[in-house]
Each structure stands twice: as structure tokens, then as C-alpha cells.
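I open my notebook on this model. I will look things up one at a time and write down what I find.

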Amino acid sequence: MVRDERSVTPQSEDFSAWYNDVVFRAELVDRGPVRGSMVIRPYGYRIWELLQADLDRRIKATGHQNAYFPLLIPQSYMQREAEHVEGFAPELFTVTHAGGKELEEPLVVRPTSETIIGEMMAKWISSHRDLPLLLNQWANVLRWEMRPRMFLRTSEFLWQEGHTAHADAADATAETMLALGFYQDLAVEVAALASVPGEKTPGERFAGAERTFTIEAMMRDGRALQSGTSHFMGTNFAKAFGITYTSENGTAELCHTTSWGMSTRMVGGLIMTHGDDKGLVLPPALAPYQVVIVPIGRAEQAEATLAAAAELAGRLERSGIRTHVDARPQLSPGFKFNDWEMRGVPLRLELGPRDLAAGTALMSRRISYPRADAAKEAIPLDAAPDLLSAELAAFQAMLARRAADFRDEHTATVSTWPQFADAVATGWALAFHCGDQACEDDIKAETTATPRCVPLAGEPEQGKCVRCGKPSAYGKRVIFARAY
RNA sequence: CGGGAUGUGGCGCAGCUUGGCUAGCGCGCCUGCUUUGGGAGCAGGAGGCCGCGGGUUCGAAUCCCGCCAUCCCGACCA
């Protein structure tokens, strides 16, 4: 392929340059005027909407209700939970003036909503009959990030944050795991990510949480991306905000709360999981257009192929396939092929005079796996809806398998330090760790790798710390990786 | 906050060292004609407070001082 201003930097040359090229060329985003801000363009926003719709359905199906809480939070709220304020203080946007005057109490722009929701929960909950309280909100949050990156770390991002209150720890823990399941299922079934659910080590916990669970997905450069988190707060926030209830026995009890979130970051995750040197590759479940039809021909031929393309698109739409006809008259077919490949459309159909005469269309898959197969395939027009539905399902499964294979090929179970260093240079290492913060810091200083999670799956295992040789702390091997 | 770069039509850049005449190139855009099965061709055209503020000079995109912003690399994070 000729390298010019129309193609992207190859992944092998510079992965992060590749990522940047793709998000802009595919018109997912543009830069906002403020450092670290991101304009999500229609094509990118559609991906988010599809992700959002799927997760929203899962959340509602399990008894949660959507609500909306204010963007502005009194600064004092943030300070009530000691670890929470310490964790978020460096990232806060603070409003000091309003209406042309300095405010008596500064307002914080939410970096997350535990505090304001905690405050409201305290007001709404008084009896065990009010529990569990299962809330979710879709919102934007702001955090001042030192090093912004489109979708992965922007100063403002969109997310969903679930907040729940429960009578006891067991119920809250079950909720925490339920939410983690939403994310894992969404990641694997919809985004086709290779993610691993697990628990964060104490050093990586959410500020104020007792336990933090995560799904960690592997990107094509071997790094890990935290793609969703679920926190068990114990009674920390209940104490700070007075979230109490009267039990059946008449005693006053503290609630156990949870919170969990998935953000626009996941869009970055699917870009880095599936994309290649031709651009984006989208899983059908999240593709704004699952099938793009490129009509070919000029003048009177164009009339015929355009009409046929529109007719076909109508039939595909009616069978639930998101279809787009690229009718731009001034652009050549070759340009359109490259354009839709850049945008990651799973299936493309070419419809020209030759195809029309034969009653077929030429189908081309954005990628194939495990065998790379660039061949275009003629498919009969009358059977297209069923055929393409099946192709899309196969494409979705193929991407998930490709991602999982890639993850497995780049994950090594290691027991020595040299093996460990090797593994985290290109992927993930499964290793025993002593659990000491100093040892974790040492590993990070040497390799830039950090503990991503203790995987939920697998049997308990004991061993010696890969770095210092002390007994392992977590009863299992820990995933270490360089992370985003 | 450290380190490195860059600010010039929508995008990507050249010009700056050695100040000068109308600020140039590619892509994109507009118009016309021809073209359409892997990034079309030709012709014509539009579009620029050269990041901002000062200074030096007859004259500044170019030299000097200051500021601002963005990007990339590290430590933090969904």
C-alpha cells in the first residue's frame, strides 16, 4: 500500500499515531477548543449510542431505574469521605464564580456522583422497605487529566454510573458482581473485546471503595485497558452521608452501597482491539452501518444501479440490517471502498451493471480470520437479507474469537523475573505477587507494568512473588500489564 | 509538573538560517467538460489579521523580547 496522506500510520510503526490517525480519519471525533476536550462526531456518537442502548437495556432489565443528578456539587460534599476527596482532588474542576460574583462555597463539577447521590439517598431511605435502592444515571463528568487521549482519557467524558444502596454486605456484593457481569457481557457479546473480569489489588482500588472489580481488555499493542469497573463501598459512603435505615427489628443500620461505571472509553477499546492498518474495524453490533452498498456506473447505468441499490437497502433495513447506500456521484468506487474500510464497515456490497445482469452483488468482508481472504464473493440479490444477517453474525463471532486468540497468544504464565519482563513488554503476564505496595512500585519502575487484576476465573494457586520471592498474597496469579 | 516539538487558507506542509517586490505547494472546496468494477483527468476559480502583544527597521511570516495555545514522550486516571 502506498503511504500517503490518505492512509494511516501503520500500527507496527507507532501504535499511538495509528490510533490518532484512525479516530480523526474515520470522523469519529474532532478536537475541541479546550485541552483534552473531544467533539464526538455523528459517526462516533452512533457507536456510543448503540453501546449505550445495549447496556441500558441490561440495566433496566435487572430492576434499576434511570435518574439524573446535578452536574454541580457543593465542594464540602466531596470532602466528607476522606479517601474519596484525596483520590479526586487533583482532577477537580471547581466553579468559584457565578452571576458575576464569587461564590460563598465553591462548586465542584462532578468527576463522579457518589457524593451527591449519597446525600440524596440519605434523604430517601428510611426503612428496610426502601431497599435495595437501584439507581443509574447517564451523564457527562469532568476530570482534569494530565495526558488526554481521544476516548481513553478526555477531560470531559460520557458514561453511565450506577449507584445502589442495600441492607447488607451480601446483597451489595451480589449487586457489585451483577454490574461487573453487565460489563463483561457487553464487552464480549457486543464490543467483541477480549476482556477478563477480576478484582483490583488494593493499590488500584477506587477512592473510597472497599473492593473494586474491573474488566481488563487487551489492546492490539498488548496493553491493557480498564473497560468497566464495579465498586463495593461497604459502609464508607453510608457513614459519610448518613445513609441509614431502620431494620425489621427497629434498629438503625448503615446501608451498604455500590457504584459502577462504563464510559466512552470503551469506544477507544474497540478501536484498539479490532482496528488495522486500513483503519477501523467495527463489530456489527456497534457499526452505524453494518452493510454499505456502493452502486457502480455512470449516466443511465447509474440510474439502474442506484435504483437497485435503494431497493436492496430497503429490503435489508426491513430485516433489521443497518444499511447505507453510498450514492455520492462525484466519487469513484475505489475511493468509496477505501473510505468505508477506514470507517470499519463490516460488509460492503458492490452493485454494478454486471452484477445486476447476473442478479447478484459482490460482497466483501472488512477482514477475515483466521485466514486472511480478500476475495469478493457474489451473492444472490433475492436471498441477500438472510445471507447477510448470517454473515454479520459470523463476522461478530469472528471478531470476538480473533480478539480472544490475540489475548491468549500474548498472555504468558511466568515464574521468573526475566520471563515476566519479557511478557509485559509485548503483552500480559500471569504471575504471583506478594501484595506489598513497595514491590508493586518496584515492578512498575522497572517495567511500567502494573497489576491489572486478580482474575475471577481459575482455581486458587499459591506461589512465590515473581519479583521478591515472598509468598503470594492473592491466592491466585495476578495479571500484570502496561495499561492505558 | 519535567522532557521534546509546533503554531502560515478547511487539512498537511514549504518559506524563516541570509528581512524586500504579488506568501507558495499538495490535498480538499467551487464551476465546466470528460470519467466511474480499488484512492479519476483537464481547464478555470474562491479562500490567508503568517497564534497573540510589544520591539528593531524605510520595510518583518522571517530578527529580538514577552505571552498564549496545542501536540508528542514520562509520573495520575474511566
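**Entry 1: a loop residue.** I started at Thr448, which is partly exposed at 48% relative accessibility. Partly exposed sits between buried (under 20% relative accessible area) and exposed (over 50%), with a 1.4 Å probe and protein chains only. I found Thr448 in the loop between helix 14 (437-447) and strand 22 (450-455). Helices (H or I, at least four residues) and strands (E, at least two) are DSSP runs, numbered from the N terminus. The phi of Thr448 is positive, near 65°, and Thr448 is not a glycine. Most residues other than glycine have a negative phi.

**Entry 2: ground rules.** I noted that this is a predicted model, where local features need pLDDT of at least 70 and side-chain atom pairs need 80 or more, while totals for chains, interfaces and linings use all residues. Residues are numbered from 1 along each chain as written, chains are lettered from A and ligands numbered from 1 in written order, and side-chain values use heavy atoms, without hydrogens and water.

**Entry 3: another positive phi.** Ala192 has a phi of about 55°. I placed Ala192 in the loop between helix 6 (169-190) and strand 9 (195-199). Is Ala192 buried or exposed? Ala192 is buried, at 0% relative accessibility.

**Entry 4: cis bonds.** Most peptide bonds are trans. I looked up two cis ones. Leu131 and Pro132 are joined by a cis bond with omega about -5°. Pro132 is in the loop between helix 5 (114-124) and strand 7 (133-142). Tyr369 to Pro370 is also cis, with omega near 5°. Pro370 lies in the loop between strand 18 (360-365) and strand 19 (377-380).

**Entry 5: the RNA.** How many residues surround RNA strand B? I read 44, and the closest include Arg147 and Lys444. Near means that a heavy atom of the residue lies within 4 Å. Of the RNA atoms that come within 4 Å of the protein, 42% belong to sugar and phosphate. Helix 10 gives the largest share of this surface, 6 residues.

I then checked polar contacts (here, pairs of N or O atoms within 3.5 Å). A polar side-chain atom of Arg153 is 3.4 Å from a base nitrogen. For Tyr484, a polar backbone atom lies 3.3 Å from a base nitrogen.

Technical notes. A polar contact is a pair of N or O atoms within 3.5 Å; within protein, one must be able to donate a hydrogen and the other to accept it, and residues adjacent in sequence count only if both atoms are side-chain atoms.
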